[in-house]
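Please read them with the structure open.

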Amino acid sequence: MTTRRPPRSAPQPAAPRGRRAARSAQPRPPATAEREEEGPQRIAKLLARAGVGSRRDVERMIEEGRIALNGKAIAQPAPLLSSLEGLTVDGNPVAKPVSTRLYRFHKPAGCLTAARDPKGRKTIYDILPKGLPRLMPVGRLDYNTEGLLLLTNDGEFKRQLELPSSGVERSYRARAFGEISQAQLEELALGITIDGVRYGKIDANLERRTGRNQWIELTLTEGKNREVRRVLEHLGLQVSRLIRTRYGAFSLDGLDSGAVEIVPRDALFQFRRRMG
């Protein structure tokens, strides 16, 4: 077994004194995600927060003529609005936003992260229990990838979690066949370009090896399409199983395959506060 030693923890900075201490003692304003925005906003943003879909989904609905204001279909460029009053989607009034909810879902292999599939394949919505509110997946997991999938009713929060600029880490465990060394995996920390696509820093660690089969742990922040599989295949490995074990502060621990569990409000609040 080849294992990389964890880095030493950095020394703790000295406590601030004088004016710095006084400033740090003052209460901080609420996190951006928790402040209520005022004034006109883009329709896509308003509807995303109301759980209709992501901003991209809403913009697509506008193009398809599915969103109307006071009975008249909205055309691009969409006007700025201060409220949801008079807005309809497919003829149905838009309900007022409810407080943000986040769920952990253990997605099994063999289903799509999609609302429907033209080929008739199983989707996550065929597996999720009935009675849940309208939920959107945070990012995607491939058909044969399993593990932690976050679900939320807030399209704006979904977008924030997905953006690479937010720096939210995703961790995976991959079972792969082939030859690889820890030194090769550590080079991924510098990023890698494959077929013209640039992949950013990946923290990879060889967990254990049996013959030419090994388990590899990987942590990244971009989450591009099929990123883990493409990077490992580029290194000459054949991925036979891929599990996402963590997304930000939330892990797969304690969830059976196909199970879903709401994130406690306190944990969600603390997470959003750290994101700021």
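1. Is Arg226 buried, partly exposed or exposed? Arg226 is partly exposed, with a relative accessible area of 35%, where buried means under 20% relative accessible area, exposed means over 50%, and partly exposed lies in between, for a 1.4 Å probe and protein chains only. Its place is in the loop between E14 and H7, and its phi is near 55°, a positive value in a residue other than glycine.

2. A word on the basis of these notes. This is a predicted model, in which local features need pLDDT of at least 70 and side-chain atom pairs count only at pLDDT 80 or more, whereas totals for chains, interfaces and linings use all residues. Residues are numbered from 1 along each chain as its sequence is written, and side-chain values use heavy atoms, with hydrogens and water left out.

3. Asn70 also deserves a look, as it has a positive phi of about 55° although it is not a glycine. Most residues other than glycine have a negative phi. Asn70 lies in the loop between strand E2 (67-69) and strand E3 (72-73), strands (E, at least two residues) and helices (H or I, at least four) being DSSP runs numbered from the N terminus. Asn70 is exposed, at a relative accessible area of 66%.

4. The largest nonpolar core has 30 residues, of which Leu151, Ile216, Leu218 and Leu232 touch the most other members; such a core is a set of buried Ala, Val, Leu, Ile, Met, Phe, Trp, Tyr and Cys residues joined through side-chain atoms within 4.5 Å. The elements that each supply at least two residues of this core include strand E9 (146-152), strand E10 (170-177), strand E14 (213-220) and helix H7 (227-234). Leaving aside residues up to four places away in sequence, Leu232 is in contact with Ala174, Ile216, Leu218, Leu237 and Val239, contact meaning heavy atoms within 4.5 Å. A second, separate core of 16 residues includes Leu150, Val168, Phe250 and Phe271.

5. Strands E13 and E14 pair in the antiparallel sense over 7 bridges, pairing being assigned if DSSP finds at least two bridges between two strands. Within this pairing, Asn205 stands opposite Glu217 in E14. The hairpin of E13 and E14 has 2 residues between the strands, and Gly211 takes a positive phi near 65° there.

6. The count of salt bridges comes to 17, a salt bridge being a side-chain nitrogen of Lys or Arg within 4 Å of a carboxyl oxygen of Asp or Glu. In one of them, Glu207 and Arg173 meet through their side chains at 3.0 Å, N to O. This pair links distant parts of the chain, with Glu207 in strand E13 and Arg173 in strand E10, 34 residues apart. Arg173 is partly exposed, with a relative accessible area of 22%.

7. Asp117 and Arg121 form one, with their closest N and O atoms 2.9 Å apart; Asp117 is buried at 16% relative accessible area, while Arg121 counts as partly exposed at 34%. Arg159 and Glu156 form another, with their closest N and O atoms 4.0 Å apart. Because they are 3 residues apart in helix H5 (residues 155-162), Arg159 and Glu156 are separated by about one helical turn. Glu156 is buried, at 12%, and Arg159 is partly exposed, at 32%. Arg55, Glu156 and Arg159 are linked in a network of salt bridges.
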